[in-house]
Every structure is written in structure tokens, then in C-alpha cells.
Amino acid sequence: MRVVLAEDLFLLRQGIIQLLEAYGFEVAAAVDNGTDLAAAIADHRPDVAIVDVRLPPTFTTEGLQAALRARRERPGLPILVLSQHVEQMYARELLADGTGGIGYLLKDSVLDDEQFIDAVRRVAAGGTAMDPAVVAQLMTSHSRDEPLAALTAREREVLELMAEGCSNTAIAQRLTITEGAAAKHISNIFTKLMLPPSSDSNRRVLAVLAYLNA
């Protein structure tokens, strides 16, 4: 699996490279600014891009803006965002097109290598990996939006865990319910959000995008 990485801090960039390579990823390019990120994505056509939000020269949102441009030029490009903060406006824009895997992790919340690697793999496969704090902030401004208002409190809990990338088994364990109950809640969510029949993985992503980008 080919990865392009954008991170301006040298030690962190090298650490991520070594971690990815230890788990069998090919780091096709590792850059420290948005301009080089765009060029690396065009040249190497990675399976996933891992992007720090704040890159030179202003260290505001250059990384996220570069990711948005890359997504417009290559629709469906899986992108995993790393950040110290939640940039709500740009995060929503990144979610808006509804295609390709997407993840947004807060650096301080990544506690071990398996958590990070699992997130990279899920995003590369077209899924989601959203930090719970990111989900919470993105949800504050539209907690009553339709059609999400049709969901029960339990269904919203299930959908929030889906946004984090949890499997049915993980959802059942987190909520102390059976896997059958988790599957029923998910089926109800698909129905209430009027998601057409397709692969379960695709409908999960569409449900999460509806949840985060309403």
C-alpha cells in the first residue's frame, strides 16, 4: 500500500515513516509543505494520503487546503488528517463530496501504533476513522438537523461509533449490547437515512457522511 505523507516536523515525520514501513506500507513520498504534497500525490498516485493540517508557511490550514485541492483533482482519494485541533469549516468541506475514505485524528489521542495503523488501513479501504473529539465538535452545530432527527438516542450513539470506524462487534462491546442488536440499529439507521441498497461498507460510509456533514 502506497502512502504520501505531509508533516512539517522532522522527528515526527521520520517516526511516522518508520512506523508505516514497519507495518509493510510503502512511503512513496514524505514532504513538509502543501505545494510538495500536491506534486507528490500527482506523481505517485498513493492509496492514501496522510496530511498534517498546519504546514508552512503560515502554519494555519495549508495541509487541509492542499488535501481539499488534491481531492478535487483526484476524486475519491483516501485522506487521513492529523491535527492538534479541529478545523471545522475545512473538515466539513473535506467530508462534503461523499466519496473515498476519510479520517481525522487528533495527534494527542493516538495512543499506540495499532490504533494509528488500523485508522490508515480503514481509510485506505474507503472507510472512516474519526476521532471522538472531532465527531463531537462537528456535531454541535447541527444536532437537530433532518433526517438525523428521526434517529433514536441509541441509534445516534451507534452512528457516532460508526463514525469512529467501529465494527459491529466493537459497537456491541462499547454499548454493552449484542451484535444482533447492533446490526438491527445499523439497519434502522440505513432505512431512516434513506440509503439505497448497496454494499454494507459503502452504506456505512454514506451514513457517517450524512451524520457529520448534515
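Q: How should I read the packing of helix α1 (residues 10-22) and α5: at what angle do their axes cross, and within what distance do they come?
A: Two packed helices are described by the angle between their axes and the distance between the axes. Here the axes of α1 and α5 come within 11 Å and cross at roughly 75°. That makes α1 roughly perpendicular to α5. The labels for angles are: under 35 degrees roughly parallel, over 145 roughly antiparallel, 65 to 115 roughly perpendicular, and the rest oblique. An axis is a line fitted to C-alpha atoms, for helices over the stretch in contact, and angles run from 0 to 180 degrees between N-to-C directions.

Q: What kind of model is this, and how are its residues numbered?
A: The model is predicted: local features need pLDDT of at least 70, side-chain atom pairs count only at pLDDT 80 or more, and totals for chains, interfaces and linings use all residues. Residues are numbered from 1 along each chain as its sequence is written, and side-chain values use heavy atoms, with hydrogens and water left out.

Q: Which residues make the contact between α1 and α5?
A: Contact means heavy atoms within 4.5 Å. From α1 the contact takes I16, L19 and L20, and from α5 it takes D113, F116, I117 and V120. Sorted by class, the contact of α1 with α5 has 6 nonpolar, no polar and 1 charged residues. Nonpolar covers Ala, Val, Leu, Ile, Met, Phe, Trp, Tyr, Cys and Pro; charged covers Asp, Glu, Lys and Arg; polar covers the others, Gly among them.

Q: At what angle do helix α8 and helix α9 pack?
A: Helix α8 (residues 168-175) and helix α9 (residues 179-192) pack at about 110°, and their axes are 8 Å apart. The pair is therefore roughly perpendicular. N168, T169, I171 and A172 of α8 meet E179, A182, A183 and I186 of α9. In this contact of α8 with α9 there are 5 nonpolar, 2 polar and 1 charged residues.

Q: How many helices and strands does the protein have?
A: Helices (H or I, at least four residues) and strands (E, at least two) are DSSP runs, numbered from the N terminus. The protein comes to 10 helices and 6 strands.

Q: In what order do the strands form the sheet?
A: Two strands pair if DSSP finds at least two bridges between them. The 6 strands form an open sheet in the order β2-β1-β3-β4-β5-β6, with parallel pairing. β2 (26-31) and β6 (128-130) are at the edges with a single partner strand each, so one side of each has no neighbour in the sheet. From one strand to the next, the twist averages 15°. Helix α5 (residues 113-124) packs on the sheet and touches β3, β4, β5 (102-106) and β6; the direction of α5 makes about 145° with that of β4.

Q: How many bridges join β1 to β2?
A: β1 and β2 run parallel and are joined by 5 bridges. V4 stands opposite A29 in β2. Of the 5 residues of β1 (residues 2-6), 4 are buried, so the strand is largely enclosed by the rest of the structure. The accessibility classes are buried under 20% relative accessible area, exposed over 50% and partly exposed in between (1.4 Å probe, protein chains only). Across the 214 residues of the protein, 48% are buried.

Q: For which residue does UniProt list "modified residue: 4-aspartylphosphate"?
A: UniProt positions are given in the numbering used here, feature names are shortened, and annotations may be inferred rather than shown by experiment. The unreviewed UniProt entry lists D52. D52 lies in strand β3 and stands opposite L82 in β4. Strand β3 (residues 48-52) and strand β4 (residues 79-83) run parallel, joined by 4 bridges.

Q: Does D52 count as buried or exposed?
A: D52 counts as buried, at 5% relative accessibility. Not counting residues up to four places away in sequence, D52 touches A6, E7, D8, G63, L64, L82, S83 and K107.

Q: Which backbone values stand out in R45 and F59?
A: Most residues other than glycine have a negative phi, and most peptide bonds are trans. R45, in the loop between α2 (34-44) and β3, has a positive phi near 45°. R45 counts as exposed, at 53% relative accessibility. F59 has a positive phi of about 55° and is found in the loop between β3 and α3. F59 is partly exposed, with a relative accessible area of 40%.

Q: Is the peptide bond from P56 to P57 cis or trans?
A: The bond from P56 to P57 is cis, with omega near 5°. P57 is in the loop between β3 and α3 (62-73).
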